[in-house]
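Work through the exercises below with the model open beside you. Try each task before you read its solution.

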Amino acid sequence: MPKRPPVARTLPALHRAIDQLRARKAKVAIVPTMGALHDGHLTLVRNAKRRGLKVVVSIFVNPTQFAPHEDFASYPRTMNTDLDKLATLAADLVWAPTAAVMYPEDYASRIAVDGPAVAGLEDKYRPHFFSGVATVVGKLFNQCRPDFAIFGEKDYQQLKVVTRMSRDLDMRVKVIGVPTVREKDGLAMSSRNVYLSADERRTAPILHRTMKEISAQLRAGAEVETALVQGRTAITEAGFAIDYLEARHAEALMPISSMKDGPVRLLVAAKIGRTRLIDNMRA
Ligand code: AMP
């Protein structure tokens, strides 16, 4: 059995462990997660390891990015198996603070984000989400002072928000995006996939399949809005309630009306039963 990485649960323990990692000038990457690790998360860790970096994986289910009606309480928490998985990848350190360490009683600050954070995608349906994400990621960067941060393209708008924040606020953290890891049938891996019933799980790959079809149509010259309308119908008829299915500029995230306005990214968020799934791909 490979050895589990050490786990820091307090700031002094974290700082000691990071100082040790940095001995002999090693560069450090952080992989921020909310735990319930799957192969998508592990691919981020592998990516950092391949770059020769020391890897700190943070595991923290961040209360400030959940709205009261969302799934904070039921979000899967699987610390023991997470540590076993990270052992197999030789992750160097796990940062697993409690909520009281992150947000002591007199805590009073938040990072406000604009630009990609107000694109009318996730922000429209989860108004407090990106400020919660920016704040916790800003704190993680300050706590760990990494050289690199590895994020998944799975949360595409989040990747753009964090990249911009790091640049705008001179955080000196290079944000690296890693392509989405999928199940064999195309469903993007997600900690929330465990919520799906067997029927819902069979239906869920339609999100990816529909984006692939739209992409093929757009490449063949179809009109953007026509392809999106057809895609929304297909996803709705499969049993999803759609929040959005959009074609956006891949960097600025503003709406585009033709492939010529590209590079183009397709982004979708939809609910099946009680589970909300998001996905995206290059058009
Ligand atoms: P989460 O634990 O869901 O907050 O995700 C932590 C990090 O893992 C984020 O940067 C996500 O974008 C990334 N991630 C989640 N699912 C995947 C996936 N299927 N492929 C690649 N990265 C992922």
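A salt bridge here is a side-chain nitrogen of Lys or Arg within 4 Å of a carboxyl oxygen of Asp or Glu. Keep in mind that this is a predicted model.

**Exercise 1. Apply the salt-bridge rule to Lys49 and Asp92, then state which parts of the chain the pair ties together.**

Step 1. Take the N to O distance between the two side chains: it is 3.1 Å.
Step 2. Compare that with the cut-off of 4 Å. Lys49 and Asp92 meet in a salt bridge.
Step 3. Lys49 lies in helix α2 (residues 39-50), and Asp92 lies in the loop between α3 (79-88) and β4 (93-95), so the pair ties together parts that are 43 residues apart in sequence.
Step 4. The rule gives a count of 15 salt bridges.

**Exercise 2. Describe the interface of domain 1 and domain 2.**

Step 1. The domain assignment gives domain 1 as 7-178 and domain 2 as 191-282. Their C-alpha centres are 26 Å apart.
Step 2. Count the residues in contact. Domain 1 gives 22 residues and domain 2 gives 17 residues.
Step 3. Find the buried area. About 1800 Å² is buried between the domains, and carbon and sulfur atoms give 50% of it.
Step 4. Leu121, Tyr125 and Tyr156 supply 35% of the area that domain 1 buries against domain 2, more than any other three residues.
Step 5. Turn to polar links. Four salt bridges cross the interface. The rule for polar contacts finds 13 residue pairs there, both partners at pLDDT 80 or more.
Step 6. Assign the domain 1 side to helices. Both α5 (122-125) and α7 (156-168) supply at least two residues of the side that touches domain 2. The largest share, three residues, comes from α7.
Step 7. Sort that side of domain 1 by residue class. It has nine nonpolar, six polar and seven charged residues.

**Exercise 3. Which residues come nearest to the ligand, and which atoms lie 2.9 Å from it?**

Step 1. Start with the surroundings. There are 17 residues around the ligand, and His41, Gly152, Asp155, Val181 and Met189 come nearest.
Step 2. Check His41. An N or O atom in the His41 side chain is 2.9 Å from an oxygen atom of the ligand.
Step 3. Check Gly152. Here a backbone N or O atom lies 2.9 Å from a ligand oxygen atom.
Step 4. Check Met189. A backbone N or O atom of Met189 lies 2.9 Å from a nitrogen atom of the ligand.

**Exercise 4. Inspect the backbone at Pro263 and at Lys25.**

Step 1. Read omega between Gly262 and Pro263. It is about 10°, and the peptide bond is cis.
Step 2. Locate Pro263. It sits in the loop between β7 (241-249) and β8 (264-272).
Step 3. Read phi at Lys25. It is positive, about 60°, although Lys25 is not a glycine.
Step 4. Locate Lys25. It belongs to the loop between α1 (11-22) and β2 (28-33).

Definitions and conventions: Residues are numbered from 1 along each chain as its sequence is written. This is a predicted model: local features need pLDDT of at least 70, side-chain atom pairs count only at pLDDT 80 or more; totals for chains, interfaces and linings use all residues. Side-chain values use heavy atoms; hydrogens and water are left out. Domain bounds come from an automatic or database domain assignment. Contact means heavy atoms within 4.5 Å. Buried area is the accessible area (1.4 Å probe) that two parts lose on being put together, summed over both. A polar contact is a pair of N or O atoms within 3.5 Å; within protein, one must be able to donate a hydrogen and the other to accept it, and residues adjacent in sequence count only if both atoms are side-chain atoms. Helices (H or I, at least four residues) and strands (E, at least two) are DSSP runs, numbered from the N terminus. Ala, Val, Leu, Ile, Met, Phe, Trp, Tyr, Cys and Pro count as nonpolar, Asp, Glu, Lys and Arg as charged, and the others, Gly among them, as polar. A residue is near a molecule or strand if one of its heavy atoms lies within 4 Å of it.
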